[in-house]
Amino acid sequence: LPAKADDIIDWLIDRDLGDQPVVFAYRASKRLLARGEGAKGEITRKDVVRDRPPVATLEEVHDALAHIHSQYLITPSGCPEGVWEKKRSEDYVPGPRPEHAIQRELKTNLGSWFRGIVRATVEEPTPVGRIDVRLSHMREGVWAYWAILELKVLRSKHNASEGEKANPVNHKDNVEAIAEGGLQVNAFAKNWNAEPLLEIFDLRERKDQDILKEDVVTRELSKCLPVPSCRIWPLFGSASDARLAGFPQ
């Protein structure tokens, strides 16, 4: 085979193998690049070569979420169905239930990432409400609560089908949702002796306002003990918008 990836692609196409799935492994960067539709296809999926077994740490949860975000959520081409309204992502019109679409993606990929040492369940009913995502691990021979993820989605527009007007979302509504999310995950974490994680998925067209610095949010989070870990994951309505924002990093 030729030494360079581009030359390998040409080599495969020249030999009528351009329709066969192909995976490139880069040893130095420990990256995988898969073309499921073959060398002729344009759709690629990136993955990481992991050279150590997973461990149940919060740092590993962050690594898992960062990977899921970059590979499955950041642009519409990789997003699960339901995050964006069909054919309207470039207008930043979200799907009817983006939180649930993201939940499903997290459940599948967190379970895969941790390879059985951590279990991910979603929409778990409790006497005080539903837990968005629960992570549990083995403690003293039984599966026990370990971390609770409260998911919130920021929107600049409400859902609307193609051809219908998408009404704007009030900034105040986004702020109040995040403040409420912090209190929710803090209450769940106290009840179940778990780590509180507030994961915010930003579907807004303009992302220059840091919602975590809003007075309402900082005031409510200050009431939490411990203060939940809060992360904002930006999602873009097009690949060009993601590139302009500096992604991939």
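I take helices (H or I, at least four residues) and strands (E, at least two) as DSSP runs, numbered from the N terminus. With that, I placed Pro226 in the loop between α5 (215-222) and β8 (229-234). A cis peptide bond joins Leu225 to Pro226, with omega at about 0 degrees.

**Ground rules.** I am reading a predicted model, in which local features need pLDDT of at least 70, side-chain atom pairs count only at pLDDT 80 or more, and totals for chains, interfaces and linings use all residues. Residues are numbered from 1 along each chain as its sequence is written, and side-chain values use heavy atoms, with hydrogens and water left out.

**Whole chain.** I counted 6 helices and 8 strands in the protein chain. Along the sequence I read the pattern α-β-β-β-α-α-β-β-β-α-β-α-β-α. The C-alpha atoms fill a box of roughly 65 × 55 × 30 Å along the principal axes. I call a residue buried under 20% relative accessible area, exposed over 50% and partly exposed in between (1.4 Å probe, protein chains only). By that rule, buried residues make up 43% of the 249 residues. For contacts I use heavy atoms within 4.5 Å. Of the contacts with a separation of 6 or more, 57% are between residues 24 or more positions apart.

**Helix α3.** I looked up residues 98-114, the 17 residues of helix α3. The expected span of a helix is 1.5 Å times one less than its number of residues. From first C-alpha to last, α3 reaches 24 Å, close to the 24 Å expected. Its buried residues include Pro98, Leu106, Trp113 and Phe114. What do the buried residues of α3 pack against? I found β3 (45-48), α2 (58-73), β4 (118-126), β5 (129-139), β6 (142-154) and β7 (195-202). Arg115 follows α3 and has a positive phi, near 50 degrees.

**Ile117.** I found Ile117 in the loop between α3 and β4. Ile117 is partly exposed, with a relative accessible area of 35%. Not counting residues up to four places away in sequence, Ile117 touches Pro54, Val55, Ala56, Ser136, His137, Met138 and Trp143. Between the C-alpha atoms of Ile117 and Asn159, 42 residues apart along the chain, I noted 37 Å.

**Ile8.** This residue is in helix α1 (residues 5-14). Is Ile8 buried or exposed? I have Ile8 as buried, at a relative accessible area of 13%. Leaving aside neighbours within four places in sequence, Ile8 is in contact with Pro2 and Phe24.

**Positive phi.** Most residues other than glycine have a negative phi, and most peptide bonds are trans. I noted Asp16, not a glycine, with a positive phi of about 60 degrees. Asp16 lies in the loop between α1 and β1 (22-26) and counts as exposed at 71% relative accessibility. Lys30 also has a positive phi, near 55 degrees. I placed Lys30 in the loop between β1 and β2 (31-35), and at 38% relative accessibility Lys30 counts as partly exposed.

**Cysteines.** I take a disulfide as a pair of cysteine sulfur atoms within 2.5 Å. A search of the whole structure gave me 0 disulfides. Cys230 counts as partly exposed at 23% relative accessibility, while Cys79 counts as buried at 13%.
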